[in-house]
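Open the model in your viewer and keep the sequence panel beside it. The stops below are meant to be selected in order.

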Amino acid sequence: MTGRATAHAVPPGAHGSPGPAESSSGAESPSGVPEPSSGVPDAGNGKAAILLAARRAFMRNPYAEVTIRGIAADAGVSPSLVVKHFGRKEELFNTVADFGPEADAIFDAPLDRLGRHMVLTLVRRRRAYGSDPFLRVVFSLGNRDERVLLRHRFHEQVTGRLAARLPGPDGALRAELVAGQLIGLGAALSLHPEGEGSRATPERLADLYAPALQALVTGVAPEVVSGTRSSRAYRDQAGYGS
């Protein structure tokens, strides 16, 4: 995986006792969008639970305050199992800082359908695993070096990867705006955990949110003023279907 973290990538300012990696491959749903996958074959061995617990721990606490014992308790496993699967805390942080698996799933669609696919995949993964794919890059409470590492990885594995796919001279700009929109969607759903967004279907959220994302992907803004092109025509051109 491009940009896969290594233990040596922990920033020099990240102090703490010395802790991996997630890949994503989901089964395809009837709608054609892969069903969410944690990326780690769990098979009852606790890997997925450990990863989710580690993400929560490193997002909510400075690196030095995170412990293998605390992650194990949150995951409902023994500390020795955490070490067995993921090694030291340093190694575990490097896996949490790896956005490659999430990018694999969220960008796994042709450009003409990418906007809708991104929304559906992000929402389904959040609901399946109780964790947003990207919010940790913004809300991590680590020290400055840790935050810089997270943002560097995000730029390399998410924004930069998308920019390489987008046509046109402003592809890098549009990729940055898409990344911001995806983080914004996750933040909105997190701010209102029991709001209308939690009750809406992924398809309904995509109906409302995906057109703006697709406009950034294609570089062609949807025309909301009546008279030139109908919203249905735009949906057909963008590949949304009926």
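**Before selecting anything**

This is a predicted model, in which local features need pLDDT of at least 70 and side-chain atom pairs count only at pLDDT 80 or more, while totals for chains, interfaces and linings use all residues. Residues are numbered from 1 along each chain as its sequence is written, and side-chain values use heavy atoms, with hydrogens and water left out.

**Whole chain**

Colour the chain by secondary structure: there are twelve helices and zero strands. Helices (H or I, at least four residues) and strands (E, at least two) are DSSP runs, numbered from the N terminus. Now show the surface. The accessible surface is about 11500 Å², and 56% of it belongs to carbon and sulfur atoms; areas come from the Shrake-Rupley method with a 1.4 Å probe, and for residues only the protein chains shown count as cover. Of the 242 residues in the chain, 48% are buried. Buried means under 20% relative accessible area, exposed over 50%, and partly exposed in between (1.4 Å probe, protein chains only).

**The largest pocket**

Select Arg126, Gly130, Ser131, Asp132 and Ser190, which lie nearest the centre of the largest pocket among its 19 lining residues. The volume of this pocket is about 370 Å³. Pockets and cavities are found on a 1 Å grid over the protein atoms alone: a cavity is a set of points where a 1.4 Å probe fits but cannot get out, a pocket is an open set with protein on both sides within 12 Å along at least five of seven lines, and lining residues have an atom within 4 Å of a point. Grid points are joined across faces, edges and corners, and a volume is the space filled by probe spheres set on the points.

Next, colour α1 (47-60), α6 (114-129), α9 (171-191) and α10 (196-199), each of which supplies at least two lining residues to the largest pocket. The most come from α1, with four. By type, the lining of the largest pocket holds six nonpolar, six polar and seven charged residues. Here Ala, Val, Leu, Ile, Met, Phe, Trp, Tyr, Cys and Pro count as nonpolar, Asp, Glu, Lys and Arg as charged, and the others, Gly among them, as polar.

**The second largest cavity**

Which residues line the second largest cavity? Select Arg55, Phe58, Met59, Phe93, Val96, Arg136, Ser140 and Leu150. Two or more of the lining residues come from each of α1 and α4 (89-96), and α1 gives the most, with three. The space in this cavity is about 30 Å³.

**Helix α8**

Select residues 144-165, the 22 residues of α8. This helix bends by about 35° at His155, the bend being the angle between axes fitted to the seven residues ending there and the seven starting there. Buried residues of α8 include Leu150, Arg153, Phe154 and Gln157.

Start with Arg56 in α1. Its relative accessible area is 24%, so Arg56 is partly exposed.

Move to Asp170 in the loop between α8 and α9. Asp170 and Gly219 are 49 residues apart in sequence, with 8.4 Å between their C-alpha atoms.

Finish at Leu177 in α9, which is partly exposed because its relative accessible area is 40%.

Key: The expected span of a helix is 1.5 Å times one less than its number of residues.
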